[in-house]
Amino acid sequence: MLKVEHIYSGYGDLKIIKDVTFDVNNNESVLILGLNGAGKTTLLKSIAGFVKIFSGKILFDNKDITDLDAYRRAKSGITMIMEQAIFPDLTVKENMEIAYSKNTKSNFNKELEDVLKSFPELKAFLNIKAQALSGGQRKMLSMAMALLARPKLLILDEPSSGLSPLLVSRIVKYAGLLKEKGITMLIAEQNPSFIEIADRVIVLESGIIKLMGTTSEIANNNEVKKTFFQVA
Ligand code: ATP
């Protein structure tokens with residue numbers, strides 16, 4: 001579905017992502033694991049069209065999207081979840097309606113009912129403005145919005161950041177749920193808990209792919225254990 005070929009990208013003249021090549025197949029979830037400053041956000045934004053690509057190629061559904069604007073990439077089915085995508089002055093339900101407007105499949109009330117089964121805590125907030133939500137509730141809203149939008153490719157940038165360990169495990173569970181619904185995902189994280197819902201893992205360091213492998217290969221790699229699981 002997504003093919004990233006030898007991309008270099010960054011800000012101004014500053015190259016952050018260097019010669020990155022990987023692909024994401026239909027229904028697969030690929031995890032990009034990296035510490036602070038590894039270039040995860042820059043890589044995801046390069047794919048979604050928010051960061052300039054200096055060279056290399058990105059193909060989505062066999063079409064070259066390297067030079068497409070972000071909104072055209074979004075129209076073709078790439079959704080990057082960012083908390084900025086939540087409208088603070090609108091209610092939780094109105095935010096969900098906007099997300100759903102990208103989905104042509106069925107009826108909003110039916111889909112809302114389904115989504116609330118997965119995110120029951122949002123029920124109490126449906127008529128409350130999104131600005132009143134806590135960080136964790138915002139993350140849940142943005143994941144619920146992703147479910148409603150049904151993108152072809154969902155890009156999640158550090159869904160666990162700033163959350164308590166308990167909430168992180170719930171977000172991992174919700175990401176697993178999105179995967180079960182057949183949504184293809186590309187997730188960037190420094191929290192290795194997300195390995196459990198990934199099919200493949202890419203370890204990014206200083207804008208370069210350091211390792212790439214199956215979930216078990218990466219989870220059993222000593223370097224990865226030391227860096228991300230703090231196992232000596
Ligand atoms: P974190 O986990 O801390 O969010 P990350 O892996 O997502 O880190 P990036 O945010 O992609 O990393 O940052 C990679 C590098 O790019 C860093 O050195 C950062 O200083 C630099 N960078 C990020 N945004 C900009 C920008 N707008 N202009 C210039 N440099 C930037």
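**Entry 1, the ligand site.** I began with the surroundings of the ligand in this predicted model, and of the 13 residues around the ligand I noted G37, K40, T41, T42 and E158 as those that come nearest. I then sorted the shell by class and found five nonpolar, six polar and two charged residues. Looking at which elements contribute, I saw that β2 (14-24) and α1 (40-48) each supply at least two residues of the shell, and that α1 gives the most, with three residues.

I looked up the N and O atoms of side chains facing the ligand, and I found an oxygen atom of the ligand at 2.5 Å from an N or O atom in the side chain of T42. For E158, the side chain likewise has an N or O atom 2.5 Å from an oxygen atom of the ligand, whereas for Y11 I noted a nitrogen atom of the ligand, with 3.4 Å to an N or O atom of the side chain. I also looked up the cover: on its own the ligand has 640 Å² of accessible area, and the protein covers 58% of that.

I turned next to α3 (residues 92-100) and α4 (residues 108-118), which pack at an angle of about 115° with their axes 11 Å apart, and I recorded their crossing as right-handed. On the α3 side I listed K93, M96, E97 and Y100 as making the contact, and on the α4 side F108, E111, L112, V115 and L116.

Notes. Residues numbered from 1 in each chain as written. Predicted model: local features only at pLDDT ≥ 70, side-chain atom pairs only at ≥ 80, totals over all residues. Heavy atoms only, no water. Near = heavy atom within 4 Å. Polar contact = N/O pair within 3.5 Å; in protein donor to acceptor, adjacent residues only side chain to side chain. Areas by Shrake-Rupley, 256 points an atom, 1.4 Å probe, with all protein chains shown as cover. Helix = DSSP H or I, 4+ residues; strand = E, 2+ residues; numbered from the N terminus. Nonpolar A, V, L, I, M, F, W, Y, C, P; charged D, E, K, R; others polar. Axes fitted to C-alpha atoms, helices over the stretch in contact; angles between N-to-C directions. Left-handed = near helix turned anticlockwise from the far one by under 90°. Contact = heavy atoms within 4.5 Å.
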